[in-house]
Amino acid sequence: MKCIVVGGGVIGTSIAWHLATRGIGDVVLLERDRLGSGTTWHSAGNITWKPSRDHDAPILYAMETLGRLRSEAGQETGWLKTGRMFIPRSPDTRRNFDGFDGVARERGIEARWIEPKEAAKLNPLLEPAAVDVIWLNSLSGRLNPADLTAAYANAARLAGATIRENVEISNVCVTGARITGVETSDGVLSADTVVVAAGLWSRPLLEPLGLPLAQWACEHFYVIAEVSPRLARETPSFVAPDDLLYGREEVGRFMVGCFDENAKTLDPASLPKPFSFTLLPPDWDKIAPYFERAIGLFPALAEAPIRHFVNGPESFTPDGLPLIGRIGGIDGLFVATAMNSTGVTWSAMTGALIADLIADAKPRFDPRPYDPSRFGDKGRDLAWLREKVSAVVSLGYRNQNR
């Protein structure tokens with residue numbers, strides 16, 4: 001069997017590694033530019049455990065995977081376990097975090113409620129009077145997305161996979177109802193199996209086959225502020241879902257991001273070419289109300305110069321879950337795309353699930369929530385798709401406390 005993986009971000013490289021380590025035929029990964037050049041490179045890189053359907057088992061497997069990359073392939077990912085402060089700002093969220101705490105205790109996962117004064121010692125920028133209590137989840141941290149991508153890629157090569165950069169894919173070739181290969185800038189390459197993990201470009205790549213994926217892009221952003229005092233590297237990250245905020249330390253500075261309401265959608269076809277290691281223009285008006293909320297929690301932000309405004313497109317789906325699995329009734333065609341700004345978190349799970357499906361093995365993870373066909377033909381309705389995707393950015397964050 002020859003398997004081609006289209007896309008060299010954190011998802012595609014994870015898939016290549018999982019396939020190669022399973023010995024599933026000849027594995028070739030094709031990247032149109034350089035590894036991680038699409039949306040992976042500007043990811044915040046957070047990984048946080050919580051007992052929800054889309055984070056529990058995938059996060060535990062992600063932690064296991066980081067260990068395997070280090071022990072089996074000698075690959076470092078920049079992983080730093082910092083813990084995360086979950087800040088409830090409403091009774092419902094407090095009750096939700098109480099539920100998290102109960103499950104953590106049952107599982108033996110280190111977590112506890114802490115008072116504001118203790119939290120302020122962990123992050124001296126926090127205003128204790130702005131919060132009542134905080135849930136500290138120790139099974140959380142962050143890594144460098146570029147390092148993780150390189151680790152997957154290097155480990156995949158060691159396991160026998162071939163990785164080719166600067167090869168642009170223009171078409172997925174199908175004869176009858178069977179994959180035969182891909183058309184590329186280097187000519188037609190034959191394959192028995194093709195996995196499309198091209199992020200923003202997955203939908204336009206599959207549209208000629210009559211497969212309009214139910215994904216669309218939104219602007220997604222965070223800022224990095226020069227704060228005083230500078231934060232220690234081990235400072236716990238934070239999430240305040242009622243305020244739609246998250247953040248963490250970044251080289252002594254403070255990264256603050258949001259999952260905004262009425263997110264701005266954009267057509268990937270409108271992006272300039274090449275769109276590699278590229279960002280969108282800052283939107284200060286859009287982030288302003290969220291930054292004001294952040295100042296209420298961390299008053300030092302009011303006087304902190306903004307050093308970077310990172311605005312990059314991310315693919316979302318109407319229900320906030322990715323598209324992973326077989327698609328279109330075409331034998332040998334799989335997709336792994338639309339990670340809803342959680343690609344680093346879901347990368348290990350995605351690689352394992354795709355490898356199981358291709359090998360016809362019992363999946364380690366339930367594939368049904370991620371079935372790419374779960375929206376039927378609704379992906380053809382662009383007005384519906386844009387509306388749902390624009391709303392899911394904030395709804396998913398607030399409701400799932402991601």
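This is a predicted model: local features need pLDDT of at least 70, side-chain atom pairs count only at pLDDT 80 or more; totals for chains, interfaces and linings use all residues.
In which sense, left-handed or right-handed, does α5 pass α8 in their crossing?

The protein contains nine helices and 21 strands. Its C-alpha atoms fill a box of roughly 65 × 45 × 35 Å, taken along the principal axes. For a chain of 402 residues, a compact globule would have a radius of gyration near 21 Å, and the protein has 21 Å, which agrees with that expectation.

The order of its strands is β9-β2-β1-β13-β21-β20, and the pairing is mixed. At the edges stand β9 (162-164) and β20 (323-326); each has a single partner strand, so one side of each is left without a neighbour in the sheet. From one strand to the next, the twist averages 15°.

Helix α1 touches β1 (2-6), β2, β13 (193-196) and β21 (333-337), and its direction makes about 170° with that of β2. Helix α8 (residues 343-358) also packs on the sheet, where it touches β1, β13, β20 and β21. The direction of α8 makes about 15° with that of β20.

The helices also meet one another. The axes of helix α1 (residues 10-22) and helix α5 (residues 145-158) come within 8 Å and cross at roughly 25°. Because angles under 35 degrees count as roughly parallel, α1 is roughly parallel to α5. Their crossing is left-handed. On the side of α1, the contact is made by V10, T13, S14, A16, W17 and A20, and on the side of α5 by L148, T149, Y152, A153, A155 and A156. Sorted by class, the residues of this contact divide into nine nonpolar, three polar and no charged.

Helix α5 also meets α8, which returns us to the opening question. The axes of α5 and α8 come within 11 Å and cross at roughly 15°. That angle makes α5 roughly parallel to α8. The crossing in which α5 passes α8 is left-handed. In this contact, P145, L148 and Y152 of α5 meet V344, S347 and A348 of α8. The residues involved divide into five nonpolar, one polar and no charged. Two residues of α5, L148 and Y152, are listed in the contact with α1 and also in the contact with α8.

Helix α8 has a further partner in helix α2 (residues 56-73). These two helices pack at an angle of about 85°, with their axes 8 Å apart. Angles from 65 to 115 degrees count as roughly perpendicular, and α2 and α8 are therefore roughly perpendicular to each other. From α2, the residues in contact are P58, I59, Y61, A62 and T65; from α8, they are T345, W346, A348, M349 and A352. By class, this contact has eight nonpolar, two polar and no charged residues. A348 of α8 takes part here and also in the contact with α5.

Another part of the chain forms an open sheet of three strands, with the order β10-β11-β12 and antiparallel pairing. The edge strands are β10 (169-175) and β12 (187-190), each of which pairs on one side only. In this sheet the twist averages 25° from one strand to the next. Strand β11 (residues 178-184) pairs with β10 in the antiparallel sense over six bridges. Here N171 stands opposite E183 in β11.

The loop between β11 and β12 contains S185. Which residues does S185 contact, leaving aside its neighbours within four places in sequence? They are N166, V167 and E168. Although S185 and E168 are 17 residues apart along the chain, their C-alpha atoms are separated by 5.3 Å.

Terms used. Residues are numbered from 1 along each chain as its sequence is written. Side-chain values use heavy atoms; hydrogens and water are left out. Axes are lines fitted to C-alpha atoms, for helices over the stretch in contact, and angles run from 0 to 180 degrees between N-to-C directions. Helices (H or I, at least four residues) and strands (E, at least two) are DSSP runs, numbered from the N terminus. Angles under 35 degrees count as roughly parallel, over 145 as roughly antiparallel, 65 to 115 as roughly perpendicular and the rest as oblique. A crossing is left-handed if the near helix is turned anticlockwise from the far one by less than a right angle, and right-handed if clockwise. Contact means heavy atoms within 4.5 Å. Ala, Val, Leu, Ile, Met, Phe, Trp, Tyr, Cys and Pro count as nonpolar, Asp, Glu, Lys and Arg as charged, and the others, Gly among them, as polar. Two strands pair if DSSP finds at least two bridges between them. The radius of gyration is taken over C-alpha atoms; the globule rule is 2.2 Å times the number of residues to the power 0.38.
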